[in-house]
Amino acid sequence: MSIAIPFIALLLVGAIAAYHRLRLPVWAALSATVLVAAWMLGANGAATLVAGLLLALVAVPLLLPQIRLPFITAPLLKFYTRILPTLSETEQVALEAGTVGFEGELFSGKPDWHVLLDQPRPMLTAQEQAFLDGPVEQLCRMTNDWEITHVLADLPPEMWEFIKTNRFFGMIVPKEYGGLGFSALANHKVIQKLSSISSVVSSTVGVPNSLGPAELLMHYGTQEQKDHYLPRLANGREVPCFALTGPFAGSDATSIPDFGIVTMGDWNGAKVVGVKLTFDKRYITLAPVATLIGLAFRMYDPDGLLGDKRDIGITLALLPRDTDGVEVGRRHFPLNSPFQNGPLHGREVFIPLSQLIGGEAYAGKGWQMLVEVLSIGRSITLPSTASGGAKIAAVVTGAYARIRKQFGLSIGRFEGVEEALARIAGNAYAISALAESTAAAVSRGENPAVPSTIAKYHCTEMAREVIRDAMDIHGGKGIILGPKNYLGRGWQATPIGITVEGANIMTRSLMIFGQGAILCHPWVLKEMKAAALPDPDERLREFDRNLFGHIGFAISNAVRALWFGLTGARFGKAPGDSYTRRYYRKLNRYSATLALMADTSMLMLGGKLKFKESLSGRLGDVLSNLYIASAMLKRYEDQDRPVADQPLLAWAFHDAVNKMEIALSGALRNFPVRPVGWLMWLLVFPLGRRAQAPSDRLGHRAAALLMSPNEARDRLADGVFTTPCATNPAGRIDSYLAKVILAEPVERKFLKALKTHNIEALSFSAQLDEGVREGWINGDERRQLEELREMTLDAISVDDFDSEQLRAGGVAEPQESLRREVA
Ligand SMILES: Cc1cc2nc3c(=O)[nH]c(=O)nc-3n(C[C@H](O)[C@H](O)[C@H](O)COP(=O)(O)OP(=O)(O)OC[C@H]3O[C@@H](n4cnc5c(N)ncnc54)[C@H](O)[C@@H]3O)c2cc1C
């Protein structure tokens, strides 16, 4: 045994040093000290000597740059340059555009939780709050979603007017240009509230405040362009749209075939240099009513009017709607959610160079401009829309499940329904934390490239699950469309959010981990930059510094992953209170695991990793769920650790952890290099997969929160439109909940009496008469039961129509843009 002691001691010191990320000299000194101590305490001398030699063999070359640089680093640099993923210009631009916030900690394998917890609580200014309580509330009250989606297929004129005059289109425009100058957080809250009553209204307001003319002008516009256009965009004199997508360029937006040829032309009576544009765009939101079109096209200068470059590249321009040759006005019909959306065409449309966004100086920089600001809008519009939809679906489905009775019980009491309700509650909690935290990151001045893709993907996916469960719980009530239906349109519109701003399959499989692995990883980008340095000496030195940092990092993550796996992450430094500390510890485990998996995948697959979309997607799921769980914990802290919210937090947290383990096990079982996958399994799951879906008991507690008024439910509903008015059936049903619960004991008493007294009266009012006559209920209780009946009827009733009313108003004459172009 004493022979093994020096080697065991060496291994233990190595593991401890790796776990705590001690520096190389510290590890070497500690190891040497421990060996000496072991020998003095009686360990076998020969064994200690061998262990010491082993230590020297590893430590000396690593510690001496004279040996390390030529004999270790230089060959590794050669190998690295060979496996280095080649980055396209597009990817390079995307990487350089984003900032790294807390998500970088998740990739570190040892998150510094203070980076997250020290972030200020997201707060609105008094003006922003007043806008939410005033114009936003009023706009919600003006909204009649059925009229918008079925009768008008548009917002009524008074709503357009209200939106413009109250500067809803200018939320992001700075005050000096007449806009509201709101923070991203306020933008998020406005969209969230509007989407809880109508997705048509929220997209109409969301798009001008997302990626488009205003955002681009603020960042790149010339002073003249800003002075002219921003005030007009802020007060709605100009309605903008932004046209990138066309029939031949969807997800692969850089391949747009739309072109502009630099040439001389007439503009306002003068001969000027400009571009002649030919384009065919589709799916463009607000295009049919837009007065100012932001257009992306590829610019060519065949005659060299601007210089030597013939293919100048993707360029962005502003086209007034009435420019000669622009064809606009027809509409698409996106899944019964008739926000203004349609195609745009132009043939040889001339505009001067002064209409290029940023002027001639920005010609050819269009893609970079788009990517640089893309994350801002992507962090807000769709996550906020999903959040508003999920929150209102959660509260109204909870109320409905209590009010609607079958087999003599509220349907929410049945375990099957409870399961779906729990999913709604947990998902809504997660969505709202994720959407708010990403908006808050933008408010802090970050350009959260990776969190914006996580928020876009997961908020829309979880919202799809919420609305699916809500529809199932509502049964026929959710299916029959009409003014009383508050779910059907949301259900129909859900795939829109999944598809736009980066279709979800691509976002998950290509972008989340793909960008995260390089942008958030503490070493990869530095190594790539070092390997690309022109000076060979500097290249070797810089690469050496980063490479050894990276190797230490990888060893540390392997040790940490194994340790946490063996101990079930029960130990280790973590913030939080006695309730949440175990959650932080679990996240420490999966952070180490993610970092380990990321390194192994990059090492094994190099540049091929980006084509391994299934692996990338699964690792993206791990990163995403780490981020979502962190956002929930931060929110729990920000709300002063409300005990009442614990079932929601716990459900959503266990769900996230379970999803991480499913993703990890999928990644390992399908790892492209099989033996590496098996080996990694031992490190990641030394005791097997342990995480479970949230338990039924927890689900019961989460579901119960939705079915009665309480502070956790109020917090979940915070920020959505629940005012009970004629055009807000969801708000009305929600408002009944407290009264329905109060009436339940009387109802039970009455039903029991009906059963036991063999009543002959069949109609409800006759039964009530008899109940009062016989003294089973008093007059007040009768009124209570009548009111309960009325509320229940309002909650469960659906619409019916004359055939005429259901017939579409206009004669449809579809005209397919692709076929037209080919013809
Ligand atoms: C209602 C609506 C509004 C819109 N508004 C605008 C607007 O205002 N302005 C504008 O410019 N555009 C707009 N768009 C366009 C939208 O952004 C595109 O629809 C989107 O980029 C996807 O393009 P596509 O529909 O052609 O799908 P495709 O690109 O054909 O994709 C089809 C499927 O393939 C998947 N896929 C593609 N490539 C990959 C890959 N490499 N890996 C994995 N999966 C992949 C996608 O995820 C998707 O699931 C809008 C679209 C809609 C439907």
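A polar contact here is a pair of N or O atoms within 3.5 Å. Keep that cut-off handy for the ligand stop, and remember that you're looking at a predicted model.

**Stop 1: the ligand.** Select the ligand and look at Thr245: an N or O atom in the Thr245 side chain sits 2.7 Å from a nitrogen atom of the ligand. Now click on Tyr283, where a backbone N or O atom is 2.7 Å from a ligand nitrogen. Over at Leu244, a backbone N or O atom lies 2.8 Å from an oxygen atom of the ligand. How much of the ligand does the protein bury? Taken alone, the ligand exposes 970 Å², and the protein buries 67% of that.

**Stop 2: helix H14.** Next, select residues 223-234, the twelve residues of H14. From first C-alpha to last, H14 reaches 16 Å, close to the 16 Å expected. Show the side chains of Gln225, Lys226, Tyr229, Leu230, Leu233 and Ala234, which are buried. They cover an arc of only 125° around the axis, so they lie on the same side of H14. For what covers them, bring up strand E1 (240-243), helix H10 (157-165) and helix H13 (213-220), among others.

**Last stop.** Move on to Gly236, which follows H14 and has a positive phi, near 80°.

Definitions and conventions: Residues are numbered from 1 along each chain as its sequence is written. This is a predicted model: local features need pLDDT of at least 70, side-chain atom pairs count only at pLDDT 80 or more; totals for chains, interfaces and linings use all residues. Side-chain values use heavy atoms; hydrogens and water are left out. Helices (H or I, at least four residues) and strands (E, at least two) are DSSP runs, numbered from the N terminus. The expected span of a helix is 1.5 Å times one less than its number of residues. Buried means under 20% relative accessible area, exposed over 50%, partly exposed in between (1.4 Å probe, protein chains only). The arc is that of the directions from the helix axis to the C-beta atoms. Contact means heavy atoms within 4.5 Å. A polar contact is a pair of N or O atoms within 3.5 Å; within protein, one must be able to donate a hydrogen and the other to accept it, and residues adjacent in sequence count only if both atoms are side-chain atoms. Accessible areas come from the Shrake-Rupley method with a 1.4 Å probe; for residues, only the protein chains shown count as cover.
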